[in-house]
Amino acid sequence: MLMKKKVIYSFLLLIIVLLTACSSDDTPVINVKEPPLYQSTVEYGEPNLITDNKGPLWVYIRFPAAGNATDEIIAEWVRDIHKSSHDEIAELRASDPKAEGEINVQFDSYYVDDRYAGILENGMFMSSHKAHPMEFVRTFNIDTKKETLLDNTDILDYSQSENILNLLRGRIAEEYPQAVDHLGETDEKWLEHIAIGHEGIIVILERSKYLPSYLGTLKITLPYHKLGSAYILGTDLVPESPTEPPAKPPTKPIVPNAPPQSGDIDPSKPMVALTFDDGPSRYTSRILDILEIYGARATFCVLGNLVNARSDTVQRAFDLGCEIIGHSWDHRDLSKLTVDEITQELNETSDAIESITGVWPKLYRPPYGAVNNTLKSVSADLGYAIVYWSVDPLDWDTRNADKVYDAIMAKTDDRAIILSHDLYGSTADAMERVIPDLISKGYQLVTVSELMHYSNITLEAGIVYYDGK
Ligand code: ZN
């Protein structure tokens, strides 16, 4: 491995896989489409988020909290990886003021019954001084009654490891026939990262650690019924009834304080487009409630990996006349990705949106607003226009409803596109006043596509749009 020592030390708690482009078994002879590792996030606890949208370390870290003592263990892990990536960028900047980086961490969670949950955290750290991202994986298996983490030996009977590994080899061979020649060395180390899942034990095999790197990081499920007595957690193999996620935060009833906007849009009158990034989240419905009361519409720039878990919210937004567009699959900085990766990020997100709304979006908003020529040319080839904004209330940074309200009211002018995030309760609070007050000031609240249409702007693929002026 060519990994720098300081990097190893800075990520002591993690198992790190450095992507090596030069190892001999690494030739991408077969084009493998990597399945996304994380798909649903609403089952265990509620998602927490750490973001930084202004650099030099761009941050998007999701992790769950369920109100028990193990929350702090996960949060501490998150703080450690955040801090070590932050420190590394700070160190690089001491000699190169232009150094920058990105950390992106996602999670997937599973409830097996009302007691046990498995969490998979998966992420990458990239700096401008590295040729490849560092990937990392961490699983947490939680006994929610005792409020402790489970050891792997609480879950699997390692005296039966040969049977378990046979099952693992069989599952890998089924799903990844091209991996068959590389299964000779399978040993217990391959079971290092396991998570208890709905249908079985999920085994995470990090990219290039055991198998050729072109296979990516693999997520293999060993079904409970095939594990038999090797699964020793002592829970029912299949839950009788899936556990309800924790109750949603209480929402105050919204009392309208202004009349709704009129039904038809008058192109000669002022209009603006509210846009909400990074959802759908638990706060999205509240924003939809406000939009509905005032007959207003907005544009939701959603993350592909979140939409299936909240497909009802996406459907409702669409039914209210809102526009649903993509914001990438998992909030990667698209300007740092290859053509194939960009294509996958954009099109899989559009697929997920289309599967709910029936409409393939022709525009998207890039995470961090990060755009380069490659991204523009791929967007042109794929038929996407790129949506920026003209008003940024920095809601992700202040998380303060008054400040968000003041910034939007002070900066908004006719044909503006207003950026905010349906991730924060403070933003939803601000919208209770922003939406009626913009309408009272004479603005019609429309979607981005409507704003462009009524402003006689024809959207062109590969072009960035800031407003409707
Ligand atoms: Zn974003």
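The expected span of a helix is 1.5 Å times one less than its number of residues. In this predicted model, helix H9 (residues 339-357) has 19 residues and runs 27 Å from its first C-alpha to its last, close to the 27 Å expected.

**Helix H9**
- The buried residues of H9 are Ile 342, Glu 345, Leu 346, Asn 347, Glu 348, Thr 349, Ser 350, Ala 352, Ile 353, Ile 356 and Thr 357.

**Zinc site**
- Asp 278 (OD), His 327 (NE2) and His 331 (NE2) coordinate the zinc ion at 2.1 Å.
- The spacing of these donor residues in sequence is D-x48-H-x3-H.
- Asp 278 sits in the loop between strand E11 (271-277) and helix H6 (284-293), while His 331 sits in the loop between E13 and H9, so the pair ties together parts that are 53 residues apart in sequence.
- Both Asp 278 and His 331 are buried.

- Strand E9 (residues 200-205) is largely enclosed by the rest of the structure, because six of its six residues are buried; the cut-off for buried is under 20% relative accessible area.
- On one pairing, E9 is antiparallel to strand E8 (residues 194-196) over three bridges.
- Ile 194 is placed opposite Val 203 of E9.
- E8 and E9 make a hairpin, with three residues between the two strands.
- E9 is also antiparallel to strand E10 (residues 218-223), here over six bridges.
- Gly 200 has Pro 223 of E10 as its bridge partner.

- In soluble globular proteins, nonpolar side chains tend to be buried together.
- The largest nonpolar core here has 40 residues, and the ones with the most contacts inside it are Leu 274, Leu 291, Phe 300, Ile 435 and Leu 438.
- Two or more residues of this core come from each of E11, H6, E12, H8, H9, helix H12 (401-411) and helix H13 (425-440).
- H13 gives the largest share of the core, seven residues.
- Neighbours within four places in sequence aside, Leu 438 is in contact with Val 272, Leu 274, Ile 408, Met 409, Thr 412, Ile 418, Tyr 443 and Leu 445.
- Another core, of 32 residues, lies apart from the largest one; among its residues are Leu 168, Ile 172, Leu 183 and Ile 220.

**Asp 154**
- Asp 154 belongs to helix H3 (residues 152-155).
- This residue is partly exposed, with a relative accessible area of 33%.
- A polar atom of the Asp 154 side chain lies 2.8 Å from the backbone nitrogen of Asp 151.
- Leaving aside neighbours within four places in sequence, Asp 154 is in contact with Ile 232 and Leu 233.
- Asp 154 and Ile 232 are 78 residues apart in sequence, and their C-alpha atoms are 6.8 Å apart in space.

Note on methods:
Residues are numbered from 1 along each chain as its sequence is written. This is a predicted model: local features need pLDDT of at least 70, side-chain atom pairs count only at pLDDT 80 or more; totals for chains, interfaces and linings use all residues. Side-chain values use heavy atoms; hydrogens and water are left out. Buried means under 20% relative accessible area, exposed over 50%, partly exposed in between (1.4 Å probe, protein chains only). Helices (H or I, at least four residues) and strands (E, at least two) are DSSP runs, numbered from the N terminus. Two strands pair if DSSP finds at least two bridges between them. Donors are N, O and S atoms within 2.8 Å of the metal (3.2 Å for Na, K and Ca); water is not among the atoms, so sites may look incomplete. A nonpolar core is a set of buried Ala, Val, Leu, Ile, Met, Phe, Trp, Tyr and Cys residues joined through side-chain atoms within 4.5 Å. Contact means heavy atoms within 4.5 Å. A polar contact is a pair of N or O atoms within 3.5 Å; within protein, one must be able to donate a hydrogen and the other to accept it, and residues adjacent in sequence count only if both atoms are side-chain atoms.
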